[in-house]
Amino acid sequence: MDSEKARMLAGAPYRADDPELAAERARAEAFLQQINTGPPAQRPALLGQLLGTMGEGAVIRPPFHCDYGYNIRLGADVFLNFGCVILDVAEVSIGAATQIGPGVQILTADHPRDPSRRRAGLESGRPVQIGENVWIGGGALLLPGVHVGAEAIIGAGAVVTRDVAAGSTVAGNPARPLAPGRV
């Protein structure tokens, strides 16, 4: 791994203050400024340039925030409501027809538990995968490395620290499985 970007993409410890990564975050910030404040008709084209994949019919309501954009892959007909944050130092894949409520945060960025490594400015990332036709309630928080199976439901305000099985419903802090039919 020659560069900090290569380390970041591999999930290895890297320094986020690297000039190449800073320039890429600045590029994303410029796109987000246009996406969040510009004419709605321009949003799909801008998002198509920013994101790794923008499936047909996918919608993101502003304001939207991310680190890089190119690590985000949205399937067809994905919907992100107002105020979503995706820290995409690692890949975030969101399956087709998934609906994400307002204020949801999807975090791939992680930091060392060892204080000397944190002081050295190191961080890393772990990918987040969300299956098809998932419903994530407003204000939920998905932590680095979680996988959410297809057809799952994550209750509003849930803090998802572990994988969520396909077809299950979780809620709470930390998120725990609920009986079928309860949210």
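# Close-up views of a predicted model

**View 1. The largest nonpolar core of this predicted model.** Among the 38 residues that make up the largest nonpolar core, F64 and L142 are the ones that touch the most other members. Two or more residues are given to this core by each of α2 (19-37), α3 (43-50), β4 (64-66), β5 (72-74), β7 (84-87), β8 (92-94) and β13 (128-130), and the largest share, four residues, comes from α2. When residues up to four places away in sequence are not counted, F64 touches L32, N36, L51, I72, L80, C84 and I86. Another core, of seven residues, lies apart from this one and has M8, A16, Y68 and A109 among its members.

**View 2. Helix α2 and its buried face.** Helix α2 has 19 residues and reaches 27 Å from its first C-alpha to its last, which is close to the 27 Å expected at 1.5 Å a residue. Its buried residues are L21, E24, A28, F31, L32 and I35, and, seen down the axis of α2, they fall within an arc of 105°, so they line one face of the helix. An α-helix has 3.6 residues a turn, so residues three or four places apart point the same way. The exposed residues P19, E29, Q33 and T37 are carried on the face of α2 that is turned away from its buried side. What covers the buried residues of α2 includes α1 (4-10), β1, α3 and β4. At the start of α2, the backbone nitrogen of E20 has a side-chain oxygen of D18 within 3.1 Å.

**View 3. Helix α3 and the elements it packs against.** In α3, the buried residues are R43, L46, L47 and L50; they cover an arc of only 100° around the axis, which puts them on the same side of α3. These buried residues pack against α2, β2 (53-54), β3 (59-60) and β4.

**View 4. The open sheet of three strands.** The strand order in this open sheet is β1-β12-β11, and the pairing is antiparallel. Strands β1 and β11 stand at the edges, each with a single partner strand, so one side of each is left without a neighbour in the sheet. Strand β1 (residues 14-15) pairs with β12 over two bridges: Y14 has E123 as its bridge partner, while R15 stands opposite L122. Strand β11 (residues 109-110) is likewise joined to β12 by two bridges, and here D110 stands opposite S124. Within β12 (residues 122-125), L122 and S124 point one way and E123 and G125 the other way, and all of these residues are buried. In a regular strand the side chains alternate between the two faces of the sheet.

View 5. Although G121 and R15 are 106 residues apart in sequence, their C-alpha atoms are 5.9 Å apart in space.

**View 6. The open sheet of seven strands.** In this sheet the strands follow the order β3-β6-β9-β14-β17-β19-β20, and their pairing is mixed. Strands β3 and β20 (176-177) stand at the edges with a single partner strand each, so one side of each is left without a neighbour in the sheet. Strand β14 (residues 135-136) and strand β17 (residues 153-154) pair in the parallel sense over two bridges, with I136 standing opposite I154.

**View 7. Two cis peptide bonds.** The peptide bond from P62 to P63 is cis, with omega near 0°, and P63 is found in the loop between β3 and β4. The peptide bond from N173 to P174 is also cis, with omega near -5°, and P174 lies in the loop between β19 (169-171) and β20.

**View 8. Positive phi values at A97 and N133.** A97, although it is not a glycine, has a positive phi of about 65°; this residue lies in the loop between β8 and β9 (99-100) and, at 32% relative accessibility, counts as partly exposed. N133, which is likewise a residue other than glycine, has a positive phi near 55°. N133 is found in the loop between β13 and β14 and is partly exposed, with a relative accessible area of 38%.

Note on methods
Residues are numbered from 1 along each chain as its sequence is written. This is a predicted model: local features need pLDDT of at least 70, side-chain atom pairs count only at pLDDT 80 or more; totals for chains, interfaces and linings use all residues. Side-chain values use heavy atoms; hydrogens and water are left out. A nonpolar core is a set of buried Ala, Val, Leu, Ile, Met, Phe, Trp, Tyr and Cys residues joined through side-chain atoms within 4.5 Å. Buried means under 20% relative accessible area, exposed over 50%, partly exposed in between (1.4 Å probe, protein chains only). Contact means heavy atoms within 4.5 Å. The arc is that of the directions from the helix axis to the C-beta atoms. Two strands pair if DSSP finds at least two bridges between them. The expected span of a helix is 1.5 Å times one less than its number of residues. A polar contact is a pair of N or O atoms within 3.5 Å; within protein, one must be able to donate a hydrogen and the other to accept it, and residues adjacent in sequence count only if both atoms are side-chain atoms.
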